[in-house]
Protein chains: 2
Amino acid sequence: MLCLKEINPNVKNMKNLDFFMICKRARQITEELRQGAKKPYQQVINVSSGDPQRAGVKPLTFVRQVLSACLYPELLTRDSLPADVRQRAQRILGECVGGSVGSYSAAAGIPGIVHRLSEFISQRDGGIPSDPENIYISPGSQWALQNILNLLVKADGPLRTGVLTPGPGHRVTTVSIMGLGAVSVPYHLDEDRGWELQVEELHRALEEAKGICNPAALYITNPGSPTGQVQSRKSMEEVIRFASEKKLFLLADEVYQECVFGQKSEFLSYKRVLFEMGSPYCDTVELASFHSASKGFMGECGLRAGYVELVNIDPKVMKYIYKLFSKDSCAPVLGQIALDIMAKPPQPGDPSYPLYHTEIQNIRNTMAHNLKRVSEVVNSLPGVTCQPVEGGAFAFPRVHFPPKAIQKAEELGMKPDTFYCMKILEEVGLLLSPGCDFDQKSGTHHIRFCVLVSEEVMEDLLQGLSCFHLQFMKEFS
Amino acid sequence: MLCLKEINPNVKNMKNLDFFMICKRARQITEELRQGAKKPYQQVINVSSGDPQRAGVKPLTFVRQVLSACLYPELLTRDSLPADVRQRAQRILGECVGGSVGSYSAAAGIPGIVHRLSEFISQRDGGIPSDPENIYISPGSQWALQNILNLLVKADGPLRTGVLTPGPGHRVTTVSIMGLGAVSVPYHLDEDRGWELQVEELHRALEEAKGICNPAALYITNPGSPTGQVQSRKSMEEVIRFASEKKLFLLADEVYQECVFGQKSEFLSYKRVLFEMGSPYCDTVELASFHSASKGFMGECGLRAGYVELVNIDPKVMKYIYKLFSKDSCAPVLGQIALDIMAKPPQPGDPSYPLYHTEIQNIRNTMAHNLKRVSEVVNSLPGVTCQPVEGGAFAFPRVHFPPKAIQKAEELGMKPDTFYCMKILEEVGLLLSPGCDFDQKSGTHHIRFCVLVSEEVMEDLLQGLSCFHLQFMKEFS
């Protein structure tokens, strides 16, 4: 029988996320509750991931109406759906092979949808052109990222391929990098300055990688996940110059581009800044920019669709990108349709616009409310500091644990933030993510929770967190 | 800029499918027709893939009704949907996190659906137990296969990992194997005996691999794709004994299990035969069995969902399988729901049963008609022989090209069957797949087309093929 010794060493090297252990306990607790166990809570509130619909945010009606009409075109013959829903569904069905969402699409996606995504990108970027040939739709942006990483990894050199990744950063990305046999080279964001990215830190990280691996790419999340900062144009220009000088492929995870909340913050895409910097950057720096139907206000995580736009890639290399995406047939067609609506939402004058506008505004209002409450409540807790959430979907507060808590965690063989997350799950029924999964700076501890949740869930969360935290600090003081 | 030299050598090694070139030309022709070009046909008929809805097969009403109600639960409040549709949708929504198909599910899939898949498997296999913990839903069965292959590949030994694959076999599988840095070791199916798998040929292939690679797995498709044979119990037992003796991981692609048409053919799963062989096989031979919502009568390719069931895997290794599936969040939730319906279709007495039964029966009748017609027409063409299609979704006739045709193809730098497919596309508007993409035996030539198509498409296909072929043979005789 296949034993551990015999499996792919790259797969074996994949980082163990403490989150999996916490999730496992959450599933057990849910089952215990189902079987009638008495606990101080009725259900587990899961705010560990960026999954708004899980946490009470309602789906957008227009999205669901178009999707259901595409699936069951009989609905198009009835007057119960708004005219623009029916028109959209009809147009998309006309673009599906065989007129059905049940057929495979082209490997990169339904051509009409890919085309409209390119228009969306161009409009977002103040008119900078976007070529549909450079866009690939995939079952989620992380999956597109894996295909691009796969292209960059070389197993045959004396050194492994390195990818510079933010600390704290997206936990699954580092796991994927390891799974491909590459090495993640963390650069630290400056927590005290609102998680700013300092270009000196990029230089330090690159220097430290010398002789250990062969850095080929720089991965950025903007707006930051889990850190919530929004990069300034100046900072992005520094990053681009650095990538250009060091010949690094730029991987820009921009899935939270719609979620910008800071009064002075504005989302600028890496592609836009790159093009506005002019030559030599605009035509040499290689860039892959990722976006998704899962993140942002649409929040359709279950549909599984994202896309990547590629910039400045050698046409000979593009052929291999086509091959990589082709081997997996195509992205889910219904997710592709969600991306179509993201690219072209209802416009003023359309029958669905008033409701669509109201729903988006409600989510914005909820976010404003939630962020205000997080800032008030979390920062008032002893030993907790939370940088302002300028964008994204997460709060990532730092917890300064009392020495006794650290000691207790050690006795249990756990990291302090994992210990904290296990305990809050057990006692209050709150499922959070521990900072140790996110390449946080050594010696610091954090917890992560989603803020793109309904106001009710947010109040339950903050109340649970406050009660638990005060008790925790008392217990270990 | 990243040049070809610098990309992942495994990706660079991925086989070039001639099919991509033919598809590219098909897209151009479609565009030319759209712009008013005059050709002897109005549209390209694409029968190159196993994609029934593309080729005029209607989706199953029950599937589409349940999916649309899950997406837009407002539909549940109306009486226009049958009661069992509403019940099914309500049950599934109750199992979705946050009551929405827009939330991520567990990495392996929605637990209720995984559980019902295990019941379906157990019932299919005459009561042999199936543990839900061993089932992972993924965005298509090929994608699950890639995760399992990824586990088996070792890049650090002196020899590459080998996977025994059928010739002719599934073209994307061999591409995936190469992309992972492994080696595909072809074993040939015996065309003259209806594409039978001969165990002596497995021994020969394994022997030939000695010193070249380190074979770790044996990949089987049953019913065969593109070859259409259905394995007998005796043949499967031989394969299992061989895998056991040679310590090979058995990868059983059983996505066409529902599509068995031969009067004397019966689908038996590898798991069933393995268990009915008793010790030592039933508790030592490692097996991964793949199934899909894309194939079979449901034919929902665009939803992207399949699953793998794992048998006899060390629990320590199962942890890494969990990791591999976790890094990609989860399979599309709507595809998961299609699998739920595949596992538990409407039953006699249910309001939707009569229509469901009629629709399935219509597809069966269409298949019976199509296979009869294929056998009559294709075998009557000069220089063409087609083995009987006992199962699956493809006909894979052999074409004996006249020497002048082979010479002409050579002049054009093409393989003969690619030349044939390019020419039939250009002249008749038929998009077929060339046999050279499928690891056919050297010196033989084939074409592949889908037979799970509407009767109208089948008649157009056979008429186009006949006219073209007679003209072709005349031209090159």
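Modeller: Start with a pair in chain B: the side chains of B:Glu207 and B:Lys210 form a salt bridge, with 3.3 Å from N to O. The term stands for a side-chain nitrogen of Lys or Arg within 4 Å of a carboxyl oxygen of Asp or Glu. Side chains of opposite charge can pair when their charged atoms come close. B:Lys210 is exposed, at a relative accessible area of 58%. That label is for values over 50%, while buried is under 20% and partly exposed is in between (1.4 Å probe, protein chains only). In chain A, salt bridges with shared partners link A:Arg25, A:Glu32, A:Lys39 and A:Glu426 into one network.

This is a predicted model, in which local features need pLDDT of at least 70 and side-chain atom pairs need 80 or more, while totals for chains, interfaces and linings use all residues. Residues count from 1 along each chain as written, chains are lettered from A and ligands numbered from 1 in written order, and side-chain values use heavy atoms without hydrogens or water.

Back in chain B, B:Glu95 and B:Arg116 meet through their side chains in a salt bridge of 2.7 Å, N to O. B:Glu95 belongs to helix α4 (residues 83-95) of chain B and B:Arg116 to helix α5 (residues 111-124) of chain B, so this pair ties together parts that are 21 residues apart in sequence. Helices here are DSSP runs of H or I with at least four residues, strands are runs of E with at least two, and both are numbered from the N terminus. B:Glu95 is partly exposed at 26% relative accessibility, whereas B:Arg116 is buried, with a relative accessible area of 7%.

Another salt bridge of chain B joins the side chains of B:Glu32 and B:Lys39, at 2.8 Å from N to O. B:Glu32 is partly exposed, with a relative accessible area of 27%. B:Lys39 also counts as partly exposed, at 24% relative accessibility.

Now for the whole structure. Over all chains, a search finds 55 salt bridges. Between chain A and chain B, however, the count is 0 salt bridges. What the two chains do have between them is 40 residue pairs in polar contact, with both residues at pLDDT 80 or more. A polar contact is a pair of N or O atoms within 3.5 Å; within protein, one must be able to donate a hydrogen and the other to accept it, and sequence neighbours count only if both are side-chain atoms. On the side of chain A that touches chain B, the helices that each supply at least two residues include α2 (18-34), α6 (141-152), α7 (171-179) and α11 (315-326) of chain A.

The contact (heavy atoms within 4.5 Å) takes 79 residues from chain A and 79 residues from chain B. Together the chains bury about 6,800 Å², with 61% of it on carbon and sulfur atoms. Buried area is the accessible area (1.4 Å probe) that two parts lose on being put together, summed over both.

Leaving out residues up to four places away in sequence, A:Ser100 touches B:Gln53 and B:Arg64. A:Ser100 counts as buried at 8% relative accessibility.

Next, consider α7 of chain A. A:Thr173 sits in this helix and counts as buried, at 1% relative accessibility. Its side chain makes a polar contact of 3.1 Å with the side chain of A:Gln142. Beyond four places in sequence, A:Thr173 touches A:Gln142, A:Leu145 and A:Tyr219.

A:Leu180 lies in the loop between α7 and β4 (183-188) of chain A. At 24% relative accessibility, A:Leu180 counts as partly exposed. Among the residues that A:Leu180 touches are A:Asn10, A:Gln146 and A:Leu149. A:Leu180 and A:Val11 are 169 residues apart in sequence, yet 7.6 Å apart in space from C-alpha to C-alpha.

Last, the confidence values. Chain A averages a pLDDT of 95, and 99% of the residues score at least 70; pLDDT is the predictor's confidence in each residue, from 0 to 100. For the complex, the predictor gives an ipTM of 0.96 and a pTM of 0.97.
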